[in-house]
Amino acid sequence: MDHPVLLEMKGISKEFPGVKALDNVNLTVRAGTVHALMGENGAGKSTLMKCLFGIYNRDAGTITLDGKEIHFKSSKEALENGVAMVHQELNQALTRTVQDNLWLGRYPKMGGIMVSERIMAKRTHEIFDTLEVSVNPKAVMSTLPVSQRQMVEIAKAVSYDSKIIVFDEPTSSLTETEVEHLFRIIDMLKQKGCGIIYISHKMDEILRISDDITVMRDGQWVATRPAKELTMEEIIKLMVGRELTNRFPPKTNKPGDVILDVQHIAGKYTRLKDATFQLRKGEVLGIAGLDGSGRTEVLENLFGAMTREGGTITLHGREIQNRTPKESIKNGFALLTEERRATGIFGIRDIRENTVISSLKDYLMGGICLSDKQMKEKTEWAIQAMHIKTPTQKTQIRSLSGGNQQKVIIGRWLLTKPEVLLLDEPTRGIDVGAKYEIYQLIIDLANEGKGVIMVSSEMPELLGVCDRIIVMSGGQVAGEVDAKNTSQEEILTLAAKYV
Amino acid sequence: MSNESKELAAKAKSFDSKKAFDLLLNNALYILMIFAVIVIQIINPNFLRPSSLINILSQTAAYLPLALGIAGCIVLTGTDLSAGRCVGLTACISASLLQAVTTSNKMWPEIGTLPIPVVILIAMAIGAAVGVFNGFFVAKFKLHPFIVTLGTQLILYSCLLLYVKMGNNGGMAISGLDKSYNDFIKGSIISVPTGNGTSTPIPNYVWFAILLATVMWFIWNKTTFGKNMFALGSNEEAARVSGVNVLMTTVLVFALAGAMYGWTGFVEGARVGSNTANTGLNYELDGIAACVIGGVSFVGGIGKIRGIVIGVLLLRLIFVGLNMASVNQDLIYLVKGGIILFACALDMRKYLVKK
């Protein structure tokens, strides 16, 4: 098949105060193909796309679409000229209906100013029928699960009938079935001759659907190759600029006696129905399961961030309540939350404040005054121990990379001297290179005799880091497997048990 | 098996009682309103007479347009503190342009009496201009509307103080209005018989308020602008990347609100009859209170015209009712504050996700 060049971005540069975000980057997308854009976080993928989409104004370089040179000044202009985008962050008006969101910015009009609900409903049905999306167009966005909201966002991008469609991490909140659904939609778009730019961290996805792969590193173009010629290892090598021989550090921790015994806990308002498990000293216990299986709820329930109904928690043979996070912290628990940006970091505050916030009472002098000296020392300890890369303690945490932010938060929790660490997706949105460091930290913690419970949606990660894995399905524990003698297939089978 | 069915029955029952409780809470505002009406009626049997009902209705109509305007700003997660002073300014201007030629210290003797439509246009245009000013600062400089309108409010007050000292007025209350103006606003085309051969007229501004509420309902629900406004209030970034002109929409929302204050000012000019620089003082607080009572949420992107009407009505009902029940004047604010807190706590319940 012939695939003429549809979009050509040449020599794109973009500078932010103090940072060269893009330096002479090239990208060529052919019609009817999927072009994967890869690179670690901060490599400049999203910046490049924002330059294309008119959100950022590029400093240098040319963009040619269909033979015509373009320079979009706003998203509106990009959309009107055949470039649509599924944004990484779900940008939706949550209080409005699905169809209001779908047609936002281009409502079908009647008599100049009126919106025609009838035409809107008709077109929504047409789009949803073509794409086989089963979402109620009249439902208010906030009432839908995240995966369905993501499908609406995908349908919206497709509905612009664009020549170029950018998918920026579209699958991060989708279930396996929905990912397959998305791939069918992408196939359909390829048949129509669209050019797809696909950004994702998931290697297997990339290798499956892409025709070409462009790798970026530190704002620079590294390579563009046909997907067929690349393997996962080669891509990682291109991305990090060095060879990553092992994805996981050696497992040196030795599980000891049971320290935590959880019996039949359930959520009052959430989908957690029944969870029973034990945790040993020095053990890394994994929790697997599909999205919505209640794996996050296990941790939040245990930590008292959700209302518990029934069940007992026994730590060192003593029954504890953990009714609120405050009480849980006192009992030696720590929770690394799933959404770092929303519930983990205090973005505009500095590293030091982010580090000491959970252990403030340790730095009190005379019961009222916080000791700057002590806080500084403890933060310095965290920076050293966690290998946090930051210019100073006074740097805003949001200016750090995802991996370094995560290390700050782990440091924050270690200062509370926890015995049980609850880690929810500890490596989400973190570079391949930095993931290794987080894994090493987790294993080190277990080596020091702490109990770690880790939730993850990435199965290789659970298999590589954990000792045992419990699998959640439909809000219940579907089974427990030994991480050394199990397979992804076995876990997936268990995960589907109560669905 | 019997155990199981028992369990199921118990579950169904608890579900029903929970549902009933929710229904009760979700309509608590109406229940409170009915309860208040009954209590006041018992204390003062004149409360539900047509004359007093028309009084409540007229007061609602006077305050409604301003609340309708402010509501748009609240939908955008903002607010508008300049509303009251804007009403004051437009009221004084309207009144000064429509003084009878016979009035001894007529502010502008040389212009005679302007035609009413021209004055309406002037008042609404001044209001809209203030709105554009507010909206521009909010959208262009990304200032919080609270700050912008706090500044505008003070600026407007100076304008107002200077204005009432202009012409022949010399800082006096502006009164001696032309008959055409009074008739247009306070006149009546329908009177309701109130027994004993008397009848109470429904003032014209009630009909205007109904008209404006209808127009606003249309704008909010049926136009592109309305939908963009809600989308913007719900998620500004989503609106921007979907191609909505954020600056224009914001400016328009504030301009529309300003036009509403202009209208309110025009009505107040005649309704108050004797306007000073104090006209309109704190109107914005009543307007904001009515909006939040009526479910226009500060969370943004949520609100209904129906709710605003009910909010204004409830506040006026309580005001008139407490007066008629001879409750100590000093206590009225306590009741009002209590209602605001109660209503908003109830409203927030709907958006809370239980964990």
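**Helix H5 of chain A in close-up**

**View 1. H5(A) packs against H6(A).** Ser147(A), Met151(A), Ile154(A) and Val158(A) of H5(A) meet Glu178(A), Leu182(A), Ile185(A) and Leu189(A) of H6(A). Contact means C-beta atoms, placed from the backbone, within 7 Å. By class, this contact has 6 nonpolar, 1 polar and 1 charged residues. The model is predicted: local features need pLDDT of at least 70, side-chain atom pairs count only at pLDDT 80 or more, and totals for chains, interfaces and linings use all residues. Residues are numbered from 1 along each chain as its sequence is written, and chains are lettered from A and ligands numbered from 1 in the order in which they are written.

**View 2. The axes of H5(A) and H6(A).** The axes of H5 (residues 146-159) and H6 (residues 176-191) of chain A come within 11 Å and cross at roughly 5 degrees. Axes are lines fitted to C-alpha atoms over the stretch in contact, with angles from 0 to 180 degrees between N-to-C directions. H5(A) and H6(A) are therefore roughly parallel (under 35 degrees).

View 3. In H5(A), 11 of 14 residues are buried (20 or more other C-beta atoms within 10 Å of the residue's own). Among them are Arg149(A), Glu153(A) and Lys156(A). The cover includes strand S6 (83-86), helix H3 (98-102), helix H4 (117-131), strand S9 (164-168) and H6 of chain A. Helices (H or I, at least four residues) and strands (E, at least two) are DSSP runs, numbered from the N terminus.

**View 4. The end of H5(A).** Asp161(A) follows H5(A) and has a positive phi, near 60 degrees.

Notes: Angles under 35 degrees count as roughly parallel, over 145 as roughly antiparallel, 65 to 115 as roughly perpendicular and the rest as oblique. Two residues are in contact if their C-beta atoms, placed from the backbone, lie within 7 Å. Ala, Val, Leu, Ile, Met, Phe, Trp, Tyr, Cys and Pro count as nonpolar, Asp, Glu, Lys and Arg as charged, and the others, Gly among them, as polar. A residue is buried if 20 or more other C-beta atoms lie within 10 Å of its own, exposed if 12 or fewer, and partly exposed in between; C-beta atoms are placed from the backbone.
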